[in-house]
Amino acid sequence: YWIYFMSRFLIGVLGNACFVVAYVLLHELTSKKYSTTFSNINLVSFVLGEFLVLIIAYFARDWKILLYFMTFYCIIGIFLVIFGLTESPSYL
C-alpha cells in the first residue's frame with residue numbers, strides 16, 4: 001500500500017512540475033506572436049505522452065508494472081529538468 005501511495009504521489013507532483021516548467025519556458029522564450037502556437041505544440045506533446053502510456057499499458061497487462069514505469073518516467077523527467085535547464089531567461 002505504501003509503495004502505491006508514494007508512486008501516485010510522485011507521479012502527481014513530478015508530472016505536473018514538468019508540464020508547468022515547459023509551459024513557462026515556452027512563454028518566456030517565444031514572442032507574443034508565436035506564443036499560442038508553441039503552447040499548442042506543448043499540449044500535443046502531452047497527448048503523445050498519454051498515447052505512450054496507452055501503448056505501455058497494453059503490453060504491460062499489470063497495473064504494478066505500469067505504475068513503476070510511470071514513476072520512473074516522471075523521476076527521469078524531473079532530473080532532466082533540474083540538471084538540464086539553466087535559469088529562466090526573464091531572471092537573467
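Analyst: Begin with burial. A residue is buried when its relative accessible area is under 20%. Keep in mind that this is a predicted model.

User: Which residues of α1 are buried?

Analyst: S7, I11, L14 and L25 are buried in α1. They pack against α3, residues 63-84.

User: How far does α1 reach from its first C-alpha to its last?

Analyst: Helix α1 covers residues 2-29, 28 residues in all. Its span is 40 Å, close to the expected 40 Å.

User: Which residues form the largest nonpolar core?

Analyst: There are seven: I11, L14, L66, L67, M70, C74 and I78. Both α1 and α3 supply at least two residues each. The largest share, five residues, comes from α3.

User: What does L67 touch, beyond its neighbours within four places in sequence?

Analyst: L67 is in contact with Y4, S7, R8 and I11.

User: Now α2. Is N42 buried or exposed?

Analyst: N42 lies in α2, residues 35-60. It counts as buried because its relative accessibility is 9%, and the cut-off is under 20%. Setting aside residues up to four places away in sequence, N42 touches F19, A22, Y23 and L26.

User: How far apart are N42 and L52 in space?

Analyst: They are 15 Å apart, C-alpha to C-alpha, and ten residues apart in sequence.

Conventions: Residues numbered from 1 in each chain as written. Predicted model: local features only at pLDDT ≥ 70, side-chain atom pairs only at ≥ 80, totals over all residues. Heavy atoms only, no water. Helix = DSSP H or I, 4+ residues; strand = E, 2+ residues; numbered from the N terminus. Expected span 1.5 Å × (residues − 1). Buried < 20%, exposed > 50% of the residue type's maximum accessible area, 1.4 Å probe, protein only. Contact = heavy atoms within 4.5 Å. Core = buried A, V, L, I, M, F, W, Y, C linked by side-chain atoms within 4.5 Å.
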